[in-house]
Amino acid sequence: MERIPILKMGRVLLVTIQVDLQDQVALGLQDDLSARIEQTGANGVLIDISALEIVDSFVGRMLASISGIATVLDATTVVVGMQPAVAITLVELGLSLEGVRTALNVERGMAMLAVDDRNRIDD
Amino acid sequence: MSLLGERDIVMCRQMVRRLTQQIKFTLVDQTKMITAASELSRNTVVYGGGGEMRWEIVAQGIRTGLRLWFEDKGPGIPDIGLALTDGWTSGSGMGVGLSGSRRLVNEFEIRTVVGEGTCVTITRWK
């Protein structure tokens with residue numbers, strides 16, 4: 001089964017989804033990311049979905065669940081780069097991606113995570 | 001095309017993309033139709049125990065559209081009203097598959113017989 005690479009940049013884990021996701025691959029990413037957050041002590045996760053041509057309820061659920069798991073592991077998740085057509089479709093489908101933070105692009109997403117990092121009281 | 005496993009859900013999305021491009025749907029219309037097909041093909045695979053998708057490019061007067069059928073010989077849906085309710089799910093999903101895909105298309109029809117199977121037909125016009 002193919003896996004989606006997870007890159008570490010400072011205290012942020014960076015994931016770029018570039019393939020049309022099979023359901024199992026999406027689930028694998030969820031497991032891999034939780035393990036990597038724990039191993040690395042990362043406090044931010046940035047998921048770039050700009051190459052995704054659709055987000056259906058399965059992928060939507062995966063994003064929401066990653067974000068939830070990361071929060072429990074004390075990391076903030078930002079989903080970036082959603083195409084406008086995908087956003088329109090997602091809202092019409094009835095998915096609100098509640099609890100998932102989004103940013104227009106990688107740059108803004110990284111800025112968001114940097115602010116979040118500075119505001120942490122633990123270090 | 002047959003819809004038997006997860007890989008077929010990906011193939012189905014690619015097929016629907018090609019078809020919607022062929023009849024020159026706008027990007028938003030393509031995305032809506034592909035997303036609906038993704039939801040319905042997953043239902044066929046996961047809840048219907050596998051089945052098939054058929055397609056037809058349809059014309060009505062001057063308008064062109066794409067019609068897709070998702071058919072399985074699974075357990076059927078005992079309560080369609082309930083299945084079409086937002087947030088209701090028989091499985092582990094978010095419960096937007098059927099109700100949500102209905103909102104993404106212009107025509108939506110569901111025929112189901114308990115113990116025999118389910119066929120969902122969707123049409124989107126250009």
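Where chains A and B meet, the contact takes in 22 residues of chain B and 18 residues of chain A (contact here means C-beta atoms, placed from the backbone, within 7 Å). Keep in mind that this is a predicted model, where local features need pLDDT of at least 70 and side-chain atom pairs pLDDT 80 or more, while totals for chains, interfaces and linings use all residues. Residues are numbered from 1 along each chain as its sequence is written, with chains lettered from A and ligands numbered from 1 in written order.

**Exercise 1.** Work out which elements build chain B's side of the contact.

*Solution.* Start with the elements giving two or more residues: α1 (6-22), α2 (27-46) and α4 (97-104) of chain B. Helices are DSSP runs of H or I, at least four residues, and strands runs of E, at least two, numbered from the N terminus. Next, pick the top giver: α2(B), with nine residues.

**Exercise 2.** Find which residues of α1(A) are buried and which are exposed.

*Solution.* Count other C-beta atoms (placed from the backbone) within 10 Å of the residue's own: 20 or more is buried, 12 or fewer exposed, in between partly exposed. A:Leu29, A:Leu33 and A:Ile37 come out buried. Finally, the cover over the buried residues includes β1 (6-9), β2 (12-16), β3 (44-48) and α2 (57-72) of chain A.

How values were computed:
Contact = placed C-beta atoms within 7 Å.
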